[in-house]
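Have a look at the picture first.

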Amino acid sequence: MLRIFPALVSIFCLAPLIFGVAGVLLPALGAGPATGSLHPVSGPFRLLLAEPGLGKSVLLTMLTGAGAPILSLALSLLVVTFTRGSRWWAWIRRVLPPVLALPHVAFAIGFAFLISPSGWLVRLVSPILTGWSRPPDWQIVQDPFGLTLTLALAFKETPFLILMCMAALSQIDVDRQLRLGRSFGYPPHRVWEKLLIPQLYPLIRLPFFAAMAYSLSVVDMALLLGPNRPPTLAVQVFHWFQEPELALMPRAAAGALLLLGLTLGLMGLWAAGERLFSPLMKSHQTNGRRGRPSHFFSGLARVSVPAGFGVTLLVFAGLLLWSIAVRWRFPAAFPARMALSNWTSELPFALRPMGFSLAMAALVSFVAVCLVIGSLEHQNRTQKALPLTLIALPILLPQLPMVFGIQVAALKAGLSGTLALVMWGHLLFVFPYTWLCLNGNYLAFDQRYITAGLSMGRSPLACFLRIKLPMLLRPVLFSWAVGFSVSIAQFLPTRMLGGGRIPTITTEAVAIGSGVDRRLAAVYALIQLTLPALAYATALIVPRLKRGTP
């Protein structure tokens, strides 16, 4: 029966990519149904290249799409190097789930409330330190260089990469190698630099590329925080897709193809850089220099952890204050009047998108976890594994071209706008994240427990259900919670595959967050935050209840 799981993964999680590529490639070549032409032409690319501001959009996309993941990678490796094994590491493990539970859209809305010229940070120091009675005329949010978007993406991707580092470190004997390095007179950070990080980085390369692909093709956060004259390429292409004129659809497809090529090109450039600098890194690893303890980087790592958590708390506090504010004029640090009227008036309208979000996220993440467990169990039994690169392909490719291609195929099949198609689109992007979260812990399970159960006459299924699954309950539930939060945060698959007819908390939050009513935007952002927080709380509490501990 386990043979069916790799087939199901191929059908439900990988086959749509073929339709995605074909659906964006054919219209980009002028052979799509929108043009009424059946032979490739170069018109779509001429339309694309004639678009004003295209070069700046591409440059902004490269700066934000490459800058955010590189900064996140540097910070995550810095934190792991200087805090692993300390009391900070245990604290990070405790605070990481609530930080990960904060969806990108909710964080973007709260981050804008925090750092904008009329935001909470300015209000806290005005007018005492600044003398401002009116907000300064600064373009911080949606700045023309995309710096705010880059910083916000780095804030959100760093906890994800730290989580991936934690999962990867379970496959490395860190303590033994640290003791060995110290016995040769190397400081701990040198052991990490020369011995452990070269083993760790290949294990987190795919998550890093996934973060890069997300940064390059992000639409929801870019709509809220990114520049708009011109916007990033992903936002521009998204706007083109929304135009009702079908004759302009090939231009959007050509833009999506350009975004796909840009993503693959930057990943290829990074891989080429790895090969180019590999001899230098090997020389550095073997030069025998022990160096001195690095107090600067150690302090930076220890400061960055509470600083990131502090920003998250401020974002949450700002959202909470705006959601109950009735009157909050600048430069007051706190609202003059507070009440629950914003919640009571809006909550009835939010129940329907909440219901769609909860049902889809719970079911899609459950299906994804079942597919991951079945595939990994098949791998354990047969030693035949699906290529990890193939599994992670949906998150390694930019989301916008893939979703557009699937949308074109769904239109031809008459499935556009259905709930099943939206859930299938969610599963396509949820499955790789659940696989990345569960893969390391599942394969590291000590099979001797199963051997002992089999020796007592139990069936393989009984050993799995009564021994293996209970012992892996915490990582299984955590991967389900990660899949749940990923499904909750899906904007493009819901918006495009649902044809705007299936509202979720995320689509409503993006629509309202782009407006001027901060109180309403805060309400929807907090609702979006609460849903994955409940999933993570479930993943933490259920194993404790299972053990009978308080």
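What follows covers a pair of helices and then a pocket.

## Ground rules

The model is predicted, so local features need pLDDT of at least 70 and side-chain atom pairs count only at pLDDT 80 or more, while totals for chains, interfaces and linings use all residues. Residues are numbered from 1 along each chain as its sequence is written, and side-chain values use heavy atoms, leaving out hydrogens and water.

## Two helices side by side

Start with helix H4 (residues 87–100) and helix H13 (residues 295–324): their axes come within 11 Å and cross at roughly 25°. Helices here are DSSP runs (H or I, at least four residues), numbered from the N terminus. Axes are lines fitted to C-alpha atoms over the stretch in contact, with angles from 0 to 180 degrees between N-to-C directions. H4 and H13 are therefore roughly parallel to each other, a label for angles under 35 degrees.

Who's touching whom? On the H4 side, Trp88, Trp91, Ile92, Val95 and Val99 make the contact, and H13 brings Arg302, Val305, Pro306, Phe309 and Thr312. Contact means heavy atoms within 4.5 Å.

## The second largest pocket

H4 turns up again here: H4 gives the most to the lining of the second largest pocket, with 6 residues. A pocket is an open set of points on a 1 Å grid where a 1.4 Å probe fits, with protein on both sides within 12 Å along at least five of seven lines; lining residues have an atom within 4 Å of a point.

This pocket has 22 lining residues, and Arg93, Leu163, Met166, Arg474 and Phe478 lie nearest its centre. Besides H4, the elements giving two or more residues include helix H7 (147–169) and helix H24 (518–547).

Methods. Angles under 35 degrees count as roughly parallel, over 145 as roughly antiparallel, 65 to 115 as roughly perpendicular and the rest as oblique.
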